[in-house]
Amino acid sequence: MILVTGATGKVGGRVLARLVARGLPVRALTRDPAKAEFPAGVEVATGSPADTDAMTAALDGVDAVFAVLVGDVAAQVGGFAAAVEAADTRRVVLLSSSAVNHPVRHRIGDEHRAAEVALAAVAQEWTFLRPGPFHSNALWWVRSVRESGTVRCLVGNRPGAPIDPDDVAAVAVRALTEDGHAGMAYELTGPQVLTSGDQVRILARTAGRAIGFEVATEAQAVDTFAAIGGDRVVAEGNVAALRSRSVPWGRVDTTAERLLGRAPRRFHDWADEHRAVFA
Ligand SMILES: NC(=O)c1ccc[n+]([C@@H]2O[C@H](COP(=O)([O-])OP(=O)(O)OC[C@H]3O[C@@H](n4cnc5c(N)ncnc54)[C@H](OP(=O)(O)O)[C@@H]3O)[C@@H](O)[C@H]2O)c1
């Protein structure tokens with residue numbers, strides 16, 4: 001049995017679909033089973049990854065778990081790690097982040113590093129996936145495109161090599177189901193370096209409409225992040241890191257291509273599939 005947490009989300013949802021397509025026994029964790037829609041045959045477990053009791057029940061009879069921690073990752077990992085330590089589960093594949101390698105200390109990197117350390121201490125076998133930004137982050141722009149026809153970019157216009165969540169999921173499935181990935185940390189990027197402005201131009205072309213692009217000032221970005229996260233100092237650190245010249249995801253890493261056995265999907269392909277959302 002394989003347990004997928006974050007199973008209603010972007011990466012976990014694709015991990016679940018890929019495991020089901022292979023006919024493997026799968027259990028999906030969600031906080032709200034009434035809202036979740038899973039394919040036939042999927043067992044459902046209720047709870048948050050941070051809830052040790054819920055996770056202990058969910059991990060019963062599980063050989064491998066895909067771990068997605070969302071929100072306050074560092075706070076969540078304690079409860080999750082306690083359940084993993086007590087369980088017989090052999091493999092833990094964690095959706096971490098390439099932010100752990102960022103030369104600028106910031107909360108996102110610190111939290112994922114803490115999660116890696118906590119799980120490495122308790123898991124029989126661990127594999128860490130460290131993707132850069134997802135193609136699907138472009139969905140953050142949908143509202144402003146609909147309201148004003150313009151993307152106001154908070155993270156600056158730095159080059160990065162975004163990756164498709166489905167490619168992250170494909171790598172996760174290999175790590176969950178094959179030997180040879182224990183103790184590995186995989187840096188995952190897409191196949192092309194693009195700026196946010198490049199991404200907006202691709203979205204505009206595929207959607208067949210004009211989309212403006214402007215970069216918010218650093219102060220505006222901090223205000224927005226602080227309004228969402230509630231802590232101004234954390235927001236300043238995260239914005240400084242995301243807008244710095246030395247982001248770890250600023251170049252193409254070939255690990256994803258090697259593990260996928262093909263080129264990772266381009267942002268153009270994701271934009272094409274989501275053209276109706278931006279039209
Ligand atoms: N976006 C990026 O560019 C990027 C890049 C690298 C790494 N990451 C990391 O990837 C992870 C996110 O993956 P994702 O995008 O697949 O996740 P997601 O779609 O945002 O969420 C996955 C699921 O987590 C549950 N969830 C949401 N908020 C929660 C909370 N506060 N407490 C407990 N559960 C919650 C929800 O499931 P239910 O409601 O069904 O419980 C949700 O469907 C994060 O750890 C993020 O740091 C993201």
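Tutor: Let us start with burial: a residue is called buried if 20 or more other C-beta atoms lie within 10 Å of its own, exposed if 12 or fewer do, and partly exposed in between, with the C-beta atoms placed from the backbone. Helices (H or I, at least four residues) and strands (E, at least two) are DSSP runs, numbered from the N terminus. This is a predicted model, in which local features need pLDDT of at least 70 and side-chain atom pairs count only at pLDDT 80 or more, while totals for chains, interfaces and linings use all residues. Residues are numbered from 1 along each chain as its sequence is written.

Student: What makes H6 a mostly covered helix?

Tutor: Of the 13 residues of H6, 11 are buried. Among them are Pro165, Asp166 and Asp167, and also Val168, Val171 and Leu176.

Student: How do you know that the length of H6 is close to what is expected?

Tutor: The expected span of a helix is 1.5 Å times one less than its number of residues. Helix H6 (residues 165–177) has 13 residues and reaches 18 Å from its first C-alpha to its last, close to the 18 Å expected. The 14 residues of helix H3 (residues 73–86) should span 20 Å, and the end C-alpha atoms of H3 are 20 Å apart, so the two values agree.

Student: Why is leucine 94 called buried?

Tutor: Leucine 94, which is found in strand S5, has 29 other C-beta atoms within 10 Å, and therefore counts as buried. Two residues are in contact if their C-beta atoms, placed from the backbone, lie within 7 Å. Not counting residues up to four places away in sequence, leucine 94 touches Ala67, Ala115, Glu116, Leu119, Trp126, Phe128 and Leu129. The C-alpha atoms of leucine 94 and glutamate 116 are separated by 7.7 Å, although these residues are 22 residues apart along the chain.

Student: Why is leucine 19 counted as buried, and what does leucine 19 touch?

Tutor: Leucine 19 lies in helix H1 (residues 10–21) and has 24 C-beta neighbours inside 10 Å, so it counts as buried. Leaving out residues up to four places away in sequence, leucine 19 touches Ile2, Leu24, Val26 and Val173.

Student: What makes proline 159 partly exposed?

Tutor: Proline 159, placed in the loop between strand S7 (150–153) and H6, has 15 other C-beta atoms within 10 Å, so it is partly exposed. Glutamate 43, in strand S3 (residues 43–46), is also called partly exposed, because 14 other C-beta atoms lie within 10 Å.

Student: How do you know that the buried residues of H8 lie on the same side of the helix?

Tutor: The buried residues of H8 are Ala221, Val222 and Phe225. They cover an arc of only 100° around the axis, which puts them on the same side of H8; the arc is that of the directions from the helix axis to the C-beta atoms. On the other side of H8, Ala219 and Ala227 are exposed, while the buried residues of H8 pack against helix H9 (232–242).

Student: Why is H3 called roughly parallel to H4?

Tutor: Two packed helices are described by the angle between their axes and the distance between the axes. Axes are lines fitted to C-alpha atoms, for helices over the stretch in contact, and angles run from 0 to 180 degrees between N-to-C directions. Angles under 35 degrees count as roughly parallel, over 145 as roughly antiparallel, 65 to 115 as roughly perpendicular and the rest as oblique. The axes of H3 and H4 come within 9 Å and cross at roughly 10°, which makes H3 roughly parallel to H4.

Student: What makes H4 roughly perpendicular to H9?

Tutor: Helix H4 (residues 107–122) and H9 pack at an angle of about 95°, with their axes 8 Å apart, and that angle makes H4 roughly perpendicular to H9. In this contact, Arg107, Ile108 and Gly109 of H4 meet Val234, Gly237, Asn238 and Ala241 of H9.
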